[in-house]
Amino acid sequence: MEIAARHLVRPEDLNHHGTLYGGRIAEWMTEAAFIGAAKLLGHTDHTVIVSTKELSVKQPVKPGTVLELDFELKSAGTTSLTIQVKGRDMLHQEASYCQGTFIFVTLDENGNKKPHGISL
């Protein structure tokens with residue numbers, strides 16, 4: 001896995017229980033998946049998300065945590081990339097908080113699927 005992003009969990013990111021809001025987790029994980037896809041493709045042009053296959057939160061994330069989001073290419077179709085993202089505590093790597101799987105496709109200028117040329 002490769003690091004895509006890090007976020008400091010701040011008070012404005014918390015829910016009414018005082019832990020990281022699930023919507024913020026989903027936002028940050030989607031962003032990390034896109035960063036991973038862009039890194040693999042070498043560009044951001046004409047790359048779109050088509051599916052979030054799963055998104056799970058394993059334990060609450062407390063304020064002050066630096067959430068490190070790692071990505072890994074799980075599969076590559078002709079036009080699609082499946083990226084897995086895992087979130088863990090940057091300082092305590094054994095603390096795993098969340099994971100999700102995201103599918104992206106590459107498009108041509110007309111919005112039609114276009115082969116990306118990546119294989120596993």
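Gly117 sits in the segment that follows strand β5. In this predicted model, Gly117 has a relative accessible area of 76%, so this glycine is exposed. Its C-alpha lies 8.0 Å from the C-alpha of Thr79, although 38 residues separate Gly117 and Thr79 in sequence.

Strand β5 itself contains Gln99. Gln99 has a relative accessible area of 15% and is therefore buried, the cut-off for that class being under 20%. Setting aside residues within four places in sequence, Gln99 contacts Met29, Glu54, Leu55, Ser56, Lys58, Gln84, Val85 and Lys86.

Two of these contacts of Gln99, Met29 and Val85, are also named among the residues with the most contacts inside the largest nonpolar core. That core has 24 residues, and Leu20, Leu69, Leu81 and Ile83 are likewise among its most connected members. Two or more residues of the core come from each of α1, β3 (66–76), β4 (80–89) and β5. The helix α1 makes the largest contribution, with 7 residues.

Not counting residues up to four places away in sequence, Ile83 touches Ala33, Ala37, Leu40, Phe71, Glu72, Leu73, Gly100, Thr101, Phe102 and Phe104.

How many aromatic pairs does the chain have? The count is 1. The pair is formed by Phe34 and Phe104, whose ring centres are 6.0 Å apart and whose planes meet at 55°, so the pair is classed as tilted. Phe34 belongs to helix α1 (residues 22–41) and Phe104 to strand β5 (residues 96–106), so the pair joins distant parts of the chain, 70 residues apart.

The wider fold can now be set out. The chain has 1 helix and 5 strands, in the order β-α-β-β-β-β along the sequence. Its radius of gyration is 15 Å, close to the 14 Å given by the globule rule for 120 residues, so the chain is as compact as a globular protein of that length. The C-alpha trace spans about 45 × 25 × 20 Å along its principal axes.

Of the 120 residues, 42% are buried. Among contacts between residues at least 6 apart in sequence, 65% join residues at least 24 apart. The chain exposes about 6,600 Å², of which carbon and sulfur atoms supply 50%.

Terms used
Residues numbered from 1 in each chain as written. Predicted model: local features only at pLDDT ≥ 70, side-chain atom pairs only at ≥ 80, totals over all residues. Heavy atoms only, no water. Phe/Tyr/Trp six-rings, centres within 6.5 Å; stacked < 30°, edge-to-face > 60°. Helix = DSSP H or I, 4+ residues; strand = E, 2+ residues; numbered from the N terminus. Buried < 20%, exposed > 50% of the residue type's maximum accessible area, 1.4 Å probe, protein only. Core = buried A, V, L, I, M, F, W, Y, C linked by side-chain atoms within 4.5 Å. Contact = heavy atoms within 4.5 Å. Rg over C-alpha atoms; globule rule 2.2 N^0.38 Å. Areas by Shrake-Rupley, 256 points an atom, 1.4 Å probe, with all protein chains shown as cover.
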